[in-house]
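This briefing covers selected local features of the structure shown here. The points are grouped by topic for a reader with the model at hand.

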Amino acid sequence: HVRYRMEASCLELALEGERLCKAGDCRAGVSFFEAAVQVGTEDLKTLSAIYSQLGNAYFYLHEYAKALEYHHHDLTLARTIGDQLGEAKASGNLGNTLKVLGNFEEAIVCCQRHLDISRDLGDKVGEARALYNLGNVYHSKGKSVACAGTHDPGEFPDDVKTALRKAADYYQENLTIVTELGDRAAQGRAYGNLGNTHYLLGNFRSAVTAHEQRLLIAKEFGDRAAERRAYSNLGNAYIFLGEFETAAEYYKKTLQLARQLKDRAVEAQACYSLGNTYTLLQDYEKAIDYHLKHLAIAEELNDRIGEGRACWSLGNACTALGNHDQAMHYAEKHLDISREVGDKTGELTAKLNLSDLQMVLGLSFSTNNSMMTENQIPDYNLNGTKQRLGRRHSMEKLELMKLTPEKVQDWN
Amino acid sequence: SSASQQAPELQSKVVPSKQILHSDSMEMEPETMETKSVTEYFSKLHMGSAIYSCTTKRRSK
């Protein structure tokens, strides 16, 4: 009787956990699942399902060490009871978690196991999902090396390109299966990530083709978040194709949707992209307009890194218009913020800008005003700076890159 | 002539508009996690135990 009560209690708790997670309250769901584990059960299949869901809940809560722990328990259990499908699923989840933690080699082994078992079982859906996960691991692996350097898309070292090509192959394989299965949602995901992989490989036309497909499917589903992602990715690709007008149109659509979805961080990002695009189009008034909008939101979100970038961009645009007083104001602000957040490269850049502006304005300045000589300036490219303080989530992914004048000429 | 040579150089430093900050916020698609469910398993189990309790009750009568 006690055993029965215990089993019932464990099940009841797990069912409540499941209900809460489905309703989107993972935090509360976790408590119930943890309680269910505490009570315990002799039914190993139930326990496996609890571990798996605990792992997923922690994954969505970005607590990856915990997610790893529970998916590992699930894998061990599935192997113990000889549940092949269960083992495949646990391997896939473990692979995804290891990927997020940056352990790409182990992630590949786990995702490959998911793929192998799915193929053995003739499980086409599982096979397709494993291929998508493998694509994601190789994409992350390539990107992790690529982003540590200071390269533009298409100009990465060979090992990065090899990983990215593998990612593209896996996404393509996934696409073949999900197209056969008629799974449009899965096609949408594969097209989106394939597009981003082509973008990093420098295949900007192929990136556009893939993102256009992603956009089509997002519209089919009325998925506005996916639609916004597609617009933003299309904008990025058109920038590198040198088609700035088209890029601006896509960024405007991103902005419109960000406003509809009431996502301030994404709205700021879109304004920033538009500011940069109009700078490339040499329409500095519009550039200033968008950079000011970006600055306002960055201030509102207390994103000091974003504010610093806005000030730098504004300084440049004001300088281009010959408005040196305003440029000076933003350069000073950029310097203050760079010092505050410990951005050494930003600080040097701001000092250089200030000294140049002072020269233009014909002001005298003393040597202790940190007049920098040219060879002390490392680069305008701030890709290598690893600033975390005060950076909002959307800015986390923000990369700074140098578009050299030669490149801009090549495009035109 | 040295002043005229310096001028465009200075211009390119003061106007680094071509050395633009490009916002490369690549937007990835979400991960797909594999799911296991207690509900599904439980509904079968519950049916079984309900039948079991019914038969035991009948037997005890």
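Ser232(A) has a relative accessibility of 5% and therefore counts as buried, the cut-off for that class being under 20%. The model is a predicted one. Ser232(A) belongs to helix H11 of chain A, which runs over residues 224-240.

**Surroundings of Ser232(A)**
- Leaving aside residues up to four places away in sequence, Ser232(A) touches Tyr251(A) and Thr254(A), and it also touches Ser25(B) and Glu27(B).
- Between Ser232(A) and Thr254(A) the C-alpha to C-alpha distance is 5.8 Å, with a separation of 22 residues in sequence.

**Loops with positive phi**
- Lys262(A) sits in the loop that links helix H12 (244-260) to helix H13 (264-280) of chain A.
- The phi of Lys262(A) is positive, near 55 degrees, although the residue is not glycine.
- Lys262(A) counts as exposed because its relative accessibility is 72%, where the class requires over 50%.
- Gln282(A) is placed in the loop between H13 and H14 of chain A, and this non-glycine residue has a positive phi near 60 degrees.

**Helix H14 of chain A**
- H14 spans residues 284-300, 17 residues in total, and extends 24 Å from its first C-alpha to its last, close to the 24 Å expected at 1.5 Å a residue.

Definitions and conventions
Residues are numbered from 1 along each chain as its sequence is written. Chains are lettered from A and ligands numbered from 1 in the order in which they are written. This is a predicted model: local features need pLDDT of at least 70, side-chain atom pairs count only at pLDDT 80 or more; totals for chains, interfaces and linings use all residues. Side-chain values use heavy atoms; hydrogens and water are left out. Helices (H or I, at least four residues) and strands (E, at least two) are DSSP runs, numbered from the N terminus. The expected span of a helix is 1.5 Å times one less than its number of residues. Buried means under 20% relative accessible area, exposed over 50%, partly exposed in between (1.4 Å probe, protein chains only). Contact means heavy atoms within 4.5 Å.
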